Amino acid sequence: MSCSVVFHGIGDIRLDNVPEPKIKEPTDAIIRLTSSAICGTDLHMIRGTFTGMKPGTILGHEGVGIVEEIGSNVRNLKVGDRVVVPSTIACGYCSYCRKGYHAQCDNANPHGHNAGTAFFGGPEAAGPFDGLQAEYARIPYANAGLVILI
């Protein structure tokens with residue numbers, strides 16, 4: 001179990017013990033977060049002005065952490081790398097990603113290519129993907145999204 005900031009409902013945000021994330025896809029990584037930030041978007045979700053939040057979703061869009069585990073298809077990272085996690089999730093290989101338009105990724109959002117940007121700690125329409133105000137996080141498409149800090 002690890003500690004995370006969890007959305008339970010409008011105005012109901014709690015620090016909860018949650019199960020540690022696991023690798024689900026071969027392009028995933030698990031990171032141990034060392035820093036994360038509260039974003040203005042988090043405030044919209046907490047106030048209810050950004051609808052579609054699923055109770056139980058871990059909040060947080062940006063973070064810095066240490067790679068703890070990598071999936072079998074992640075070849076550009078190694079355990080122990082210190083990384084920055086951007087807010088949006090992108091596959092790295094669709095036409096938008098190849099042009100640098102990661103927020104327009106056709107593949108990262110499990111609701112399909114017309115569903116919009118996939119991002120951490122957001123509403124159902126954005127994935128949902130658990131966020132980064134946590135001790136540990138699963139990073140989908142880690143080979144495309146994580147930026148190594150030197």
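**Figure legends: fold, aromatic pair and cavity**

**View 1. Order of elements in the predicted model.** From the N terminus, the elements of the protein follow the order β-β-β-α-β-β-β-α-β-β-α-β, giving three helices and nine strands; helices (H or I, at least four residues) and strands (E, at least two) are DSSP runs, numbered from the N terminus. This is a predicted model, in which local features need pLDDT of at least 70, side-chain atom pairs count only at pLDDT 80 or more, and totals for chains, interfaces and linings use all residues. Residues are numbered from 1 along each chain as its sequence is written, and side-chain values use heavy atoms, with hydrogens and water left out. The C-alpha trace spans about 40 × 35 × 25 Å along its principal axes.

**View 2. The aromatic pair F50 and F119.** The count comes to one aromatic pair (ring centres of Phe, Tyr or the six-membered ring of Trp within 6.5 Å; planes under 30 degrees apart are stacked, over 60 edge-to-face, the rest tilted). Because F50 lies in the loop between α1 (40-47) and β4 (63-70) and F119 in strand β7 (residues 118-119), the pair ties together parts that are 69 residues apart in sequence. F50 is partly exposed at 32% relative accessibility, whereas F119 is buried at 15% (buried, under 20% relative accessible area; exposed, over 50%; partly exposed, in between; 1.4 Å probe, protein chains only). Of the 150 residues of the protein, 41% count as buried.

**View 3. Residue classes in the lining of the largest cavity.** The lining has eight nonpolar, two polar and no charged residues (nonpolar: Ala, Val, Leu, Ile, Met, Phe, Trp, Tyr, Cys and Pro; charged: Asp, Glu, Lys and Arg; polar: the others, Gly among them). Among the lining residues are F120, Y141 and G145; a cavity is a set of points on a 1 Å grid over the protein atoms alone where a 1.4 Å probe fits but cannot get out, and lining residues have an atom within 4 Å of a point.

Methods:
On a 1 Å grid over the protein atoms alone, a cavity is a set of points where a 1.4 Å probe fits but cannot get out, and a pocket is an open set with protein on both sides within 12 Å along at least five of seven lines; lining residues have an atom within 4 Å of a point.
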